[in-house]
Structures are given as C-alpha cells and as structure tokens.
Amino acid sequence: MPGWNTVSAQTIADTLVMNNENVLVGEIKEMTHGVLQMKTKYSDSDLKLKWDHIKQIHTQRFFIIYLEKGIHYYGTLNTKKNQPGKIYLFDFQKGEALVPQGKIIYLKEADQTFISRLSLDISLGYSLAKANNTSQFITRVNSGYLANVYSVRINYSMNRNFQTVDDTLKTKIRRTEANFAGKYFLKKSWFLTGSANLLSSTEQKLNLRTTTLFGVGNFLINDHVHYLSISGGGVWNIERYSENDQPDKNSLEAFFNIEYVLFNFGDLNINTNLDIYPGITEKGRLRSDFNLNMKYKFIADFFINLGFTYNFDNQPVAGAPKWDYLFETTIGWEL
C-alpha cells in the first residue's frame, strides 16, 4: 500500500488515509451523521466514507467545523502520524486546536460562495379519492444557510383539498404555513434563537396567525447519531380571523421548545419538534404545536417524506375546533 509520503505533494486536493492504509485523493464536500462525502476523479458519484474508518485527513481548503459542545471553527484540518485519533484544526482567529476525531460532528467545505453553504429540498404530494370526488395537493420547500457562527432556515408548506360538486371544482380546505428561523451559536452548546411563523388555516378559521419569538437554548445531546435541544423565551402572537364578527387578537406568550433529531439510522432521518405556548396576557390560554417528519432517501438525491402536524388551542375562536391535525406524504429532491 502507498505510504503517506507518496501523496504529501498534493497541494490542492484533500487527502484521506483509511484504516486499511488505502489513500484517497479528491475534494471533501461534507461530513455529517458520521459519513464523509468526497468527490474524486475516479468515481462518477461522491464516495461515502464512515468517519471512524478514516485514519488521517489532510486539507488546505477551508471548512466550517462543529464539535460536540457547540464549539465551531472555520479553517483547515490535518493529522500527524504521532497523534493517532487526533486532528489539528487551524482557525485564523482562534488559532490551532488539537481535538479527538470523534468530537467532530460536522464539517462542510466553505469557499465563501452562497451556494456552497446552502441546503434545499423540494417535495410534492398528490392524492385522489374517487368515492367523494376529493383530491389533495401538497407542496413543501425547506432551505437552509450555514455560516461560521449562525444558521438560517426557511420552511414553506401548502396543503389544498379540493372537491368536485356538480362538475364544479371547489376548495374544501386550505392550509399554508411558513417559517423563518435562525440560531446564533454561543459557547458550551448554548445558542440564541429567533423565528417568525405564519399560518393560514380554514379549519382553524385563521386568515393569518403571525408568531414572532426570541429566546435562548441549549444542545443537551449533539453527536453523530442524534441531537436533543431545549429552548425557551417570549412570543408576540397576532391573529386575524376569517369570521368578520370575531375581533382580531394581539397577545404576549411564553414558549418552550423541545427538538429531537435522529439522523444516523441508515437512510432514514427522524425529526420531532414540540412547541408549547402558555398565555401571558391571555390568562389560562395554552397553545401547542407538534411536528413529526420521517425522511427516507431512497435513490441519489431523491427522498420520501412522511409528516404529521398537530395543533392545539384550548381557547380557539368561536366555531373552530380545539385541535387540528394533518398527515402528509410527499416525494422530493434535495440539493
């Protein structure tokens, strides 16, 4: 097998030495969920390599690097023969650090272009029931941007339920939801969080609910297999109803959030998220939102997504139910 000296002359490409002493030269794209993706000249598709099967790594390009405790770096990665299981990280601002390889949970190439830091997935769903002449159309778009010390996500989903009555197509149920959220990463697994959420639902008689929140959170668990985070803070809630005789509402609420993500389960990712909103200015009111998404990547960049959403409000507008739920099945593609 070739030794390390045979590849040390590589000045642009990244180099990996595997546990079996095989040497791979190419371009490291990303390492997430314990799997590293590498683009090479001798393979049409990116190689996928288990992170714990890599013995040495040498780079000269820059990467966004995250450790288990929320510590982040922007720099290069290199190992030395006399330091097995350890990786030198070099950041122009933070300097050099020697960390155990297993503590690195995420890295992504960062050439300062917008596209290199962007993630995007789009999925569509359609169902038709002949018995009552109803059809359902679902659209979901999720995008994210990862910078050195913060992340931003934008999510959009639209659900339309149609029914044909006397050869006339009518909209039976409309539900549209959008979310803009960001996190600013602090030290020791802490982060600041903020988001703006929009919801329009005929079932809940909402023309528009706008929920703006700010808070602080902590990653209780954050490794190659899963992560668990909690957060809390304050919410300003604005509700505009579809019924003309119902007055609009502006209210102050608290919020508590629990999020759990399992992502190293083969090609299946599971994301659960629970938000609880106790009323502050509306005494006795309690709202909650629960989301469960299971995403299975079945070929290349295509996936199947199963989603479940549950909304609860113990003081809904007159004529609206206290709870509403939605099941979704979509097929999509991710960048």
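Below are some questions and answers about side-chain pairs.

This is a predicted model, in which local features need pLDDT of at least 70 and side-chain atom pairs count only at pLDDT 80 or more, while totals for chains, interfaces and linings use all residues. Residues are numbered from 1 along each chain as its sequence is written, and side-chain values use heavy atoms, leaving out hydrogens and water.

Q: How are the rings of phenylalanine 191 and phenylalanine 219 arranged: stacked, edge-to-face or tilted?
A: Rings of Phe, Tyr and Trp (its six-membered ring) pair if their centres lie within 6.5 Å; planes under 30 degrees apart count as stacked, over 60 as edge-to-face and the rest as tilted. For phenylalanine 191 and phenylalanine 219, the centres are 4.9 Å apart and the planes make an angle of 45 degrees, so the pair is tilted.

Q: Which strands hold phenylalanine 191 and phenylalanine 219?
A: Strands here are DSSP runs (E, at least two residues), numbered from the N terminus. The pair ties together parts that are 28 residues apart in sequence, because phenylalanine 191 and phenylalanine 219 lie in strands β15 (residues 190-201) and β16 (residues 206-222).

Q: Is threonine 330 buried or exposed?
A: Buried means under 20% relative accessible area, exposed over 50%, and partly exposed in between (1.4 Å probe, protein chains only). With a relative accessible area of 0%, threonine 330 is buried.

Q: What is the N to O distance between aspartate 324 and arginine 175?
A: A salt bridge is a side-chain nitrogen of Lys or Arg within 4 Å of a carboxyl oxygen of Asp or Glu. Aspartate 324 and arginine 175 meet in one, with an N to O distance of 3.3 Å.

Q: How far apart in sequence are the parts that aspartate 324 and arginine 175 tie together?
A: Aspartate 324 is buried at 10% relative accessibility, and arginine 175 is buried at 6%. Aspartate 324 lies in strand β22 and arginine 175 in strand β14 (residues 168-185), so the parts tied together are separated in sequence by 149 residues.

How values were computed
Helices (H or I, at least four residues) and strands (E, at least two) are DSSP runs, numbered from the N terminus.
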